[in-house]
Protein chains: 2
Amino acid sequence: MPSRKRILVVGGVAGGMSFAARARRLDNNADIIVFEKGDEVSYANCGLPYFVSGEIENQSSLLVQTPASLKAALDLDVRTGHLVTGIDTERRIVRVFESLDATEPTEFEYDELVLSPGMFSGIADYPGVTEVRSRLSTLRTVPDAIQLESIAQSASSAVVLGGGYIGVEAAEALRSRGLEVHLVQRSAHVLTHFETELASYITTELEANGVVIHANAQPTGFSERDGQLVVALSNDGEIVTDHAVIALGGVPATQIAPESIAKTDRGLIIVDENGRTSAPNVWAVGDAVTHVDPITGALRSVALAGPANRDGRYIADAMLSTSFRPRPAALGTSIVRVFGLAAGATGANSRELIAAGIPFETLHLHANSHAGYFPGSEAIHLVAYFATDGDERGRIYGAQAVGRDGIDKRIDVIATAIRGGMTIDQLADLDLSYAPPFGSAKDAVQMVGFVAQNVLDGTTTLWQARDLEKVMAESLILDVRRADEFATGHLPGALNVPHTELRERLDEVIAAANGRPVRAHCAAGIRSYLAHRVLVAAGLDSATLSGGMQTLIAYHGKDILTHEDN
Amino acid sequence: MPSRKRILVVGGVAGGMSFAARARRLDNNADIIVFEKGDEVSYANCGLPYFVSGEIENQSSLLVQTPASLKAALDLDVRTGHLVTGIDTERRIVRVFESLDATEPTEFEYDELVLSPGMFSGIADYPGVTEVRSRLSTLRTVPDAIQLESIAQSASSAVVLGGGYIGVEAAEALRSRGLEVHLVQRSAHVLTHFETELASYITTELEANGVVIHANAQPTGFSERDGQLVVALSNDGEIVTDHAVIALGGVPATQIAPESIAKTDRGLIIVDENGRTSAPNVWAVGDAVTHVDPITGALRSVALAGPANRDGRYIADAMLSTSFRPRPAALGTSIVRVFGLAAGATGANSRELIAAGIPFETLHLHANSHAGYFPGSEAIHLVAYFATDGDERGRIYGAQAVGRDGIDKRIDVIATAIRGGMTIDQLADLDLSYAPPFGSAKDAVQMVGFVAQNVLDGTTTLWQARDLEKVMAESLILDVRRADEFATGHLPGALNVPHTELRERLDEVIAAANGRPVRAHCAAGIRSYLAHRVLVAAGLDSATLSGGMQTLIAYHGKDILTHEDN
């Protein structure tokens with residue numbers, strides 16, 4: 001009888017545990033040992049903010065599995081409180097401190113080694129951190145969540161440092177517990193992956209729910225004053241508060257990996273399409289490994305539960321099955337709840353496309369979550385990118401959406417289309433489920449296809465909110481909304497001709513344009529598209545504003561409008 | 001100057017109006033006349049049941065457009081109350097009664113003709129129909145909905161004849177208005193497109209909300225007795241009620257089409273991939289035209305708003321643009337709300353696959369609408385079909401799902417995957433949006449991919465609820481639930497070994513099997529899959545029940561269970 005294969009796993013959350021469970025199903029005899037430095041494995045790390053908010057009431061809900069349940073169901077040997085401190089890939093040995101009291105590591109041999117180390121929260125080396133340590137939290141583990149939930153019961157204010165997903169979720173959670181909450185964000189808006197014209201909805205929602213946002217600011221130091229925590233900011237401001245949550249992003253916890261396991265400059269473990277590292281019989285998975293962006297080709301980390309869980313499974317297949325396939329290049333599809341809003345994204349955004357030198361067109365839609373005539377319909381604000389030229393003409397590069405209902409569905413449908421290599425024509429061709437409570441006969445996603453088809457075949461020509469200054473300098477702005485809408489605020493110098501009057505008043509438009517291009521807009525983009533078709537038929541150089549006044553204001557703010565008559 | 005092209009459209013709802021609007025955007029000069037026999041165009045026909053229920057409060061909400069708004073925005077000449085009675089495709093002439101008072105039709109010439117006639121409700125030729133006509137309603141037009149809503153205010157009971165989508169929606173609407181509601185259904189369950197094991201959830205929901213279902217029954221005659229309507233049924237029963245809603249399916253309203261426009265035996269107008277009929281310059285769209293099933297190749301009608309609207313658009317492109325593409329073969333994706341449940345489907349079902357001679361495997365899942373540890377998670381009961389052999393190995397053929405949340409999203413994702421020609425591997429590879437309020441790290445749709453991969457590579461072998469009798473006759477049924485679950489009811493003769501004890505109690509299983517195959521099951525299919533892997537490693541002929549006891553009971557009912565000890 002051959003000896004049992006010894007498989008060691010470092011890290012018992014998401015990718016590591018997904019691997020271990022799949023490995024057991026494929027090899028009933030292997031000796032599978034999982035080392036986890038914390039006291040819990042396989043916990044619901046994405047649920048931690050909702051334990052802080054009180055929505056998840058029981059700590060036990062966060063513990064999806066325990067070492068005992070994993071032993072019973074899958075014969076896994078899960079060892080918590082075990083800190084792996086070294087790896088010798090030559091001798092195939094892992095060094096493990098088996099308890100907090102251990103003075104020396106124990107050596108474990110392996111046939112196969114899977115690293116799932118994750119990130120650790122670098123509470124950065126800011127002045128004063130040590131002195132105020134008890135007033136600082138992170139939100140990565142179950143004990144973190146328990147501590148923060150407890151603090152939320154007594155504190156009256158808190159600051160969240162970092163406006164990424166965890167930061168925003170933490171701010172929401174603390175605010176919903178009644179604390180005064182400040183949110184400090186390095187860049188111009190929270191959730192930097194989102195475009196400016198969508199992020200403004202998120203900012204508005206946070207502020208409407210009482211979160212005070214400090215944008216373009218970073219913490220520069222910590223101190224105490226009068227029994228409170230003082231966080232100094234790079235913009236010379238300071239925040240006096242009870243407590244701070246550090247959500248500034250993590251550092252790959254990959255120091256244990258020796259030189260034989262190649263890493264990027266940032267410390268990400270470099271893995272191939274099957275999850276193999278550069279060392280023989282060593283594999284890696286999770287937040288701390290490299291992913292290739294399937295749109296731009298960029299090497300990056302993807303700190304998401306879905307890809308980590310799947311990659312763990314696919315590594316087990318590659319290790320133990322004759323039937324396996326490459327782990328797919330993660331699209332980075334993500335979603336976050338921000339009070340009553342959801343914000344979702346898939347694929348590349350405009351910044352990533354520009355950085356990669358990929359030409360693209362952007363389109364904006366404001367659609368209904370379901371039939372507008374059925375109660376409860378909510379606006380879906382959506383941005384999508386696609387290729388207009390070359391071999392990739394019609395390819396979908398990415399999309400983002402914000403709204404109160406149906407965001408996850410639209411992002412998932414587009415993520416599926418991107419994964420399938422589908423084109424905008426195929427978006428138009430989708431047969432989606434429709435009844436008035438659930439959707440529209442022409443769904444937002446199909447509308448992306450229809451509008452993109454119009455762009456590609458020249459039926460429509462878009463102009464973009466980001467180009468407003470240049471467009472205003474060179475063109476006649478034609479506002480085709482009704483007169484009463486125009487009176488609520490309009491662009492300086494705009495000519496108002498409602499789209500229903502345009503056929504009769506074409507001469508007026510031609511005279512006002514005086515040889516300049518005509519750049520039409522309405523509230524959301526539909527009426528000005530109809531106007532555009534009339535203008536084109538009249539021989540004018542015309543374009544219609546992508547997303548209309550809604551996108552324009554979301555991008556530039558209301559201050560660009562005037563109420564003056566021209 | 002060339003003369004304006006004259007385009008006539010017969011039927012001003014969905015496909016016809018979608019065509020007309022697109023045609024105007026592509027041709028600013030054409031003379032576009034739309035004839036509609038009713039008083040409204042472009043109305044929300046899918047919203048009619050929700051006007052009856054009172055959820056849509058205002059009649060005006062149902063009127064998406066009016067002739068005046070279509071004239072103003074799109075320069076369309078929309079003529080309501082105009083009944084088209086004849087077409088001469090030789091002379092390119094349509095005959096129209098221009099009002100109810102008209103004694104003779106007026107002739108209109110056309111360059112292009114688009115037919116969007118839809119279906120009419122055949123209130124079938126049952127005995128007594130004429131005498132009780134005022135007690136019978138249909139639900140196809142705005143006046144129908146207004147009438148039925150008015151009746152619902154005074155009637156205390158009603159019967160709905162027909163358990164298709166409109167029938168179920170009408171039953172829900174009337175019940176929600178407080179009426180005693182009977183629903184008569186020709187076949188064994190309502191919504192016959194759904195598999196037995198999903199339809200049972202729908203039946204349970206209807207009955208839980210007080211709808212009395214008469215299955216395997218048809219109306220055979222109508223009469224009045226003591227001021228009430230009596231509906232005689234084919235099963236010798238009768239229903240005494242105030243009112244009846246006829247929702248027995250429609251008949252193509254294509255009698256106006258002459259022989260030069262080819263039709264099927266059922267009366268559907270045969271159209272090509274661009275919507276052209278057999279007569280030159282005559283096109284057709286909507287419920288009354290043929291569609292090719294993209295899975296089975298069958299010729300069928302697709303009475304859905306989405307395909308009708310899109311096909312209208314694509315016909316305009318084919319007629320008026322140099323950039324056009326074939327109308328896609330409609331997948332028939334659909335969804336219906338049944339009180340608190342949603343039931344959705346896309347692609348083929350098992351009956352259609354069997355009829356087409358297409359081999360396939362079925363899998364059942366009971367997944368969570370979002371992370372189980374987050375409040376409000378609901379069960380998603382899902383069935384999927386895929387190809388196991390030949391060139392199509394791994395191809396997704398269809399899916400159905402029932403549940404209280406997230407059904408539309410999963411059906412739409414799978415519908416997108418089918419449209420993209422994706423395989424079950426690509427379902428597993430999807431990057432879907434995940435945060436605890438919205439989904440799971442391994443979403444139901446990805447689980448379809450994972451399970452199907454396991455089937456294809458032999459990691460799992462399924463047995464099906466529909467084969468229960470044969471399986472019980474030939475195999476050891478191994479129930480791997482906990483003892484307390486087993487005690488609540490189990491299959492006669494089943495051996496209970498909880499999956500966590502299976503490794504230690506293998507000898508017991510081998511002895512009980514006594515050379516027979518082992519057919520494992522648990523509650524939902526997950527634990528018995530783990531058990532299956534242990535049984536296979538022990539060299540046993542093993543399989544795991546697709547969907548577990550939940551699917552078994554949904555298919556066969558609870559009466560198959562016993563509480564006796566073995």
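Biologist: What do the angles between axes refer to here?
Modeller: Axes are lines fitted to C-alpha atoms, for helices over the stretch in contact, and the angles run from 0 to 180 degrees between N-to-C directions. Please note that this is a predicted model.

Biologist: Which strands does helix H6 of chain A lie across?
Modeller: Helix H6, residues 196-208 of chain A, lies across E11 and E12 of that chain. Its direction is at about 135° to E12(A).

Biologist: How many bridges join E11 to E12(A)?
Modeller: Four bridges join strand E11 (residues 180-184) of chain A to E12(A), and the two run parallel. Within this pairing, A:His182 has A:Val212 as its bridge partner in E12(A).

Biologist: What is the order of the strands in the sheet?
Modeller: The order in chain A is E9-E16-E10-E11-E12, an open sheet of five strands with parallel pairing. Strand E9 (136-137) and strand E12 (211-214) are the edge strands, each pairing on one side only.

Biologist: Where do A:Tyr50 and B:Phe374 lie?
Modeller: A:Tyr50 is in helix H2 (residues 48-52) of chain A, and B:Phe374 is in the loop between strand E23 (361-368) and strand E24 (379-386) of chain B, so the pair joins two chains.

Biologist: Is A:Tyr50 buried or exposed?
Modeller: A:Tyr50 counts as buried, at 1% relative accessibility. B:Phe374 is buried, with a relative accessible area of 7%.

Note on methods
Residues numbered from 1 in each chain as written. Chains lettered and ligands numbered in written order. Predicted model: local features only at pLDDT ≥ 70, side-chain atom pairs only at ≥ 80, totals over all residues. Heavy atoms only, no water. Buried < 20%, exposed > 50% of the residue type's maximum accessible area, 1.4 Å probe, protein only. Pairing = 2+ DSSP bridges. Contact = heavy atoms within 4.5 Å.
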